[in-house]
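Good morning, and thank you for joining. I would ask you to keep the sequence and the structure in view while I speak.

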Amino acid sequence: MSCGVLDEEEFSRCCQLLLHHSDSVGDGWSWEAVQSSDEGYLKKTVLRSVPADQSITQKHKESGSDSEQFDYCRFKTEEQGVNGSADSLRPDVEDEDDCVCRAPGGSSCSSVLQFEYHVLYSCSYRTPVLYFRASTLGRSLTLEDVWNSVHPNYRLGLQSRPLDAITQQEHPFLGQAFFFLHPCRTEEFMKPLLQMTWDQNRPVNYVLSWLSVVGPMVGLDVSLDYVTLQQPTV
């Protein structure tokens with residue numbers, strides 16, 4: 001691991017350390033092995049509750065869809081260990097009550113979006129890459145919906161640099177459409193971060209440090225418990 005990049009062996013080592021820490025704090029990360037291959041990727045599924053009092057689009061209803069109105073607003077993340085499907089962009093929802101948060105009185109107060117995050121290794125850039133997809137009530141979010149979910153503080157910077165932007169492409173292992181953050185500037189922002197930790201003689205997990213930078217851009221927060229676990233014992 002040098003100059004802001006890492007090789008595949010170091011990527012795997014960092015992922016295993018992250019998984020160990022995740023198990024310690026119950027953060028829900030898992031390792032998905034690729035069939036007939038030594039490769040794999042990190043996976044986490046998160047439920048994000050969406051208050052129903054603010055919406056950004058009714059286009060599904062306007063287009064004649066029978067689906068409920070899709071409401072969007074600032075998200076309150078509920079990181080729960082739910083099992084996401086890797087076989088469909090539109091996971092089946094057997095019970096709509098699972099996708100609705102209800103107030104004590106029984107009235108609906110919010111919808112719930114399911115986000116599935118994957119961390120893969122890019123041989124071209126020699127860095128991790130964050131892929132993700134999202135759905136609500138069995139309907140996949142569009143690229144426009146995803147952009148609207150990005151906090152304004154991040155959105156402007158991402159949109160002003162197209163190669164850093166959120167875009168959509170085929171998942172390298174699953175062959176399905178996923179959103180992802182382009183890794184072309186990963187080396188650039190990781191190099192000074194790594195140098196700082198080395199100068200201070202502090203332990204560093206490349207994947208965890210990288211994830212703490214890019215994750216919040218798409219609603220994936222990294223628990224501060226990881227920082228505590230990485231601190232050397234006295």
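**Helix packing, a hairpin and a loop residue**

Helix 1 (residues 8–25) packs against helix 6 (residues 206–214) at an angle of about 75°, and their axes are 7 Å apart. Helix 1 is therefore roughly perpendicular to helix 6, a term that covers angles of 65 to 115 degrees. Axes are lines fitted to C-alpha atoms over the stretch in contact, with angles from 0 to 180 degrees between N-to-C directions. Helices are DSSP runs of H or I with at least four residues, strands are runs of E with at least two, and both are numbered from the N terminus.

The contact, meaning heavy atoms within 4.5 Å, involves Phe11, Cys14, Cys15 and Leu18 of helix 1, and Tyr206, Val207, Leu208 and Leu211 of helix 6.

This is a predicted model: local features need pLDDT of at least 70, side-chain atom pairs count only at pLDDT 80 or more, and totals for chains, interfaces and linings use all residues. Residues are numbered from 1 along each chain as its sequence is written, and side-chain values use heavy atoms, leaving out hydrogens and water.

I turn to the strands. Strand 8 (residues 166–170) pairs with strand 9 (residues 177–181) in the antiparallel sense over five bridges; pairing requires at least two DSSP bridges. Thr167 stands opposite Phe180 in strand 9. Six residues separate the two strands of this hairpin, and Gly175 in the turn has a positive phi of about 70°.

Finally, where is Asn205 found? Asn205 sits in the loop between helix 5 (186–199) and helix 6. Asn205 counts as buried because its relative accessibility is 1%, the cut-off being under 20% relative accessible area with a 1.4 Å probe, protein chains only. A polar atom of the Asn205 side chain lies 3.0 Å from the backbone nitrogen of Val207.

How values were computed
Parallel < 35°, antiparallel > 145°, perpendicular 65-115°, else oblique. Buried < 20%, exposed > 50% of the residue type's maximum accessible area, 1.4 Å probe, protein only. Polar contact = N/O pair within 3.5 Å; in protein donor to acceptor, adjacent residues only side chain to side chain.
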